[in-house]
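Welcome! Please take a moment to look over the sequence and the 3D view before reading on.

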Amino acid sequence: MMQARIRQMYLPAVVALGLVAALAGTAFAQSSNSQVGTWKQNVAKSKYSAGTAVKSGTTTIEAAGTGVKYTIDSADAGGTVRHWTYTANYDGKDNPITGNSQNGDTAAITRVDANTTHTVYKKGGKVSVTMTSVVSSDGKTRTNTSKGTNVLGQTVNNVQVYDKQ
């Protein structure tokens, strides 16, 4: 009878400790994600295919569960303003894009290593643009290399350099 009483007293504490450990593990995993942060495009260091250059761009990457939420804001050389978002896990599955992305209507992300991700954008289920994103070892620079054909029919062979804010 005494053992049953001890179990009743300690069971809530054990459950609570387990929850704290699980949440701490998720928080640690996200805090070690080098992609997370606000990144401002360094237009002078970036290179674009004809017709695809931007005047300015900011990407905000936030932890979202076991994945991330991307918010992209840019203005192209012609003055078109773009704002688009998506939330994805690093599982390679398609996730819907909300807004006016020139890359497609879905994005799928996979993690290559601690500082590198690979994103596949699709329009209508067909691959449009692929992008590899690498964060420098000091965590201050993020470089996106994109290839494909965007939804406007333009050839994309771009290198975008971003500085962490």
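**Aromatic rings**

Please keep in mind that this is a predicted model. Across the whole structure, a search turns up 4 aromatic pairs. A pair of aromatic rings is described by the distance of the centres and the angle of the planes. Two of the pairs are set out below.

| Ring pair | Distance between centres | Angle of planes | Arrangement |
|---|---|---|---|
| W84 and Y121 | 5.9 Å | 75° | edge-to-face |
| Y86 and Y121 | 6.3 Å | 90° | edge-to-face |

Why do these two count as edge-to-face? That label needs planes over 60 degrees apart, and the planes of W84 and Y121 meet at 75°, while those of Y86 and Y121 meet at 90°.

Where do the partners sit along the chain? W84 belongs to strand β4 (residues 81-88) and Y121 to strand β8 (residues 116-123), so their pair ties together parts that are 37 residues apart in sequence. Y86 also lies in strand β4, and because Y121 is in strand β8, this second pair ties together parts 35 residues apart in sequence.

Are these residues buried or exposed? W84 is buried, with a relative accessible area of 3%. Y121 is buried at 2%, and Y86 is buried at 2% as well. Ring pairs also bring in Y70, linking Y70, W84, Y86 and Y121 into a cluster.

Leaving aside neighbours within four places in sequence, its contacts include W84, Y86, I109, Q35 and R142.

**Charges over rings**

Two arginines also meet rings. The charged end of R111 sits over the ring of Y90, 4.4 Å from its centre. Likewise, the charged end of R142 sits over the ring of Y162, 5.6 Å from the ring centre.

**A histidine in strand β4**

H83 is another residue of strand β4. With 41% relative accessibility, H83 counts as partly exposed. Which residue joins the side chain of H83 in a polar contact of 2.5 Å? The partner is D73. Beyond neighbours within four places in sequence, H83 touches residues including T71, I72, T98 and N100. H83 and S101 are 18 residues apart in sequence, and their C-alpha atoms are 7.1 Å apart in space.

Technical notes
Residues numbered from 1 in each chain as written. Predicted model: local features only at pLDDT ≥ 70, side-chain atom pairs only at ≥ 80, totals over all residues. Heavy atoms only, no water. Phe/Tyr/Trp six-rings, centres within 6.5 Å; stacked < 30°, edge-to-face > 60°. Helix = DSSP H or I, 4+ residues; strand = E, 2+ residues; numbered from the N terminus. Buried < 20%, exposed > 50% of the residue type's maximum accessible area, 1.4 Å probe, protein only. Lys NZ or Arg CZ within 6 Å of the ring centre and 35° of its normal. Contact = heavy atoms within 4.5 Å. Polar contact = N/O pair within 3.5 Å; in protein donor to acceptor, adjacent residues only side chain to side chain.
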